[in-house]
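Subject: Structure handover

Hi,

Here is the structure I promised. Please open it alongside this note; my findings follow below.

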Amino acid sequence: MFSLNTLLSLPVFLSTTIVTFALAAPGGSPQGSDGSNGYIDVDKKEPFLNYATSLTGGEGCRDKDLKWIRDGFHEMNKLFAAAQSPDFESECEIEFFGRPYRISNYTDIITGNLRRAAQYANLQGDKLRNSDVHVRCDDPADVCEGGSKKDGKHPAYNIGNEPHINFCNRYFDLDPLDEQVNDESGNELSKLALGRYTNRASLWARMVMHINEVGKAIVVKPVPNLQPNATREWTVTTATGAMNTSIISGVVDDYKTTPGPNIRTFKYAYGVTRAKLLATLSTQTEYDALNNAENYALYALARYVIQQKGFFPNIPTVNFGNDMAVLTNDQSMEYPSTV
């Protein structure tokens, strides 16, 4: 068994903001940087904290950080409650998951992902519950200050696909859900721009979709074709696996601008425009959008705005069927506001 120190000394390989090794939860009661006990929801003092799922951990978090994390979790449950029973013929679903004829084989997966995410709102005593989530603020993988000059630093990252999330300084700059929705919906010049509504709850929503018991993605793998008289050496198998982050196909790669060798990087589908491109471009597979955690978070946010304010903030719009115009205009370079 590896010790925590041994694990931390191993090389870290990133798949977008997913850290692909697991850290064992430390024994005992870790202390936050202000001397707080580091555990969340132990005393269940506040009325809404009787969820079946608990938030545990708290390494490196101050008491006010823990409250900001806990309140964002509570608000996330409001988002997913508004995102149930999707109508795949409606504009919101089409923009974030694709045309009905393309995703007809996958609607049950999308609905199931949204349903499992909503189970975080189940209360104590409910036999149907998601696993407790270990949260922390100490950046064990040293990722928080990463990112690009354009995209900014990470507000949070998952540790593996386990229920284990580190929150970075940028998370604590995100506004509460209803404050953000109320402010932006009252701005006539920008109220239709969905990216302006991103908040601490929508960030939480993306994080939990990466957890393997919640977000299920289509995984296609090449395997040897063992059929007799086969005309092809290889075939593919399709299964479900943990959800990570899709990439935009057909877009020129970015190049590293810092000293050292030029390292090609993928354009991961963060932000509203890139999420919509996954559901729109003919160069993407029909399951790229439903494999992308950001699409679920933005979809839930849009459904919440519709529920609360009565309109769909549908900007940016993406021109269906005009791939080259979209790609040459580089719309996929939109600032990814929830990275």
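Which residues form one aromatic cluster? They are Y51, F73, Y120, F167, Y171, F172 and W204.

Before the rest, some ground rules. This is a predicted model, so local features need pLDDT of at least 70 and side-chain atom pairs count only at pLDDT 80 or more, while totals for chains, interfaces and linings use all residues. Residues are numbered from 1 along each chain as its sequence is written, and side-chain values use heavy atoms, with hydrogens and water left out.

Aromatic pairs

The whole structure holds 9 aromatic pairs. A pair means Phe, Tyr or Trp rings (for Trp, the six-membered ring) with centres within 6.5 Å; planes under 30 degrees apart are stacked, over 60 edge-to-face, and the rest tilted. F167 and W204 are tilted, because their planes meet at 45°, with ring centres 5.2 Å apart. F167 sits in strand 6 (residues 164–167) and W204 in helix 7 (residues 200–209), so this pair ties together parts 37 residues apart in sequence. Helices (H or I, at least four residues) and strands (E, at least two) are DSSP runs, numbered from the N terminus. Both F167 and W204 are buried. Buried is under 20% relative accessible area, exposed over 50%, and partly exposed in between (1.4 Å probe, protein chains only).

W68 and its charge

W68 is in helix 2. At 25% relative accessibility, W68 is partly exposed. R200 lies over the face of W68, 4.1 Å from the ring centre. The criterion: NZ of Lys or CZ of Arg within 6 Å of the ring centre and within 35 degrees of the ring normal. Beyond neighbours within four places in sequence, W68 contacts (heavy atoms within 4.5 Å) Y171, F172, L174, P176 and R200. K191 lies over the face of F311, at 5.0 Å from the ring centre.

Helix packing

Helix 2 (residues 63–82) packs on helix 9 (residues 293–309) at about 80°, axes 8 Å apart. Axes are lines fitted to C-alpha atoms, for helices over the stretch in contact; angles run from 0 to 180 degrees between N-to-C directions. Helix 2 gives K78, L79, F80 and A82 to the contact; helix 9 gives A300, L301, R303, Y304 and Q307.

Helix 8 (residues 272–280) packs on helix 9 at about 110°, axes 9 Å apart. Helix 8 and helix 9 are therefore also roughly perpendicular.

Best wishes

Definitions and conventions
Parallel < 35°, antiparallel > 145°, perpendicular 65-115°, else oblique.
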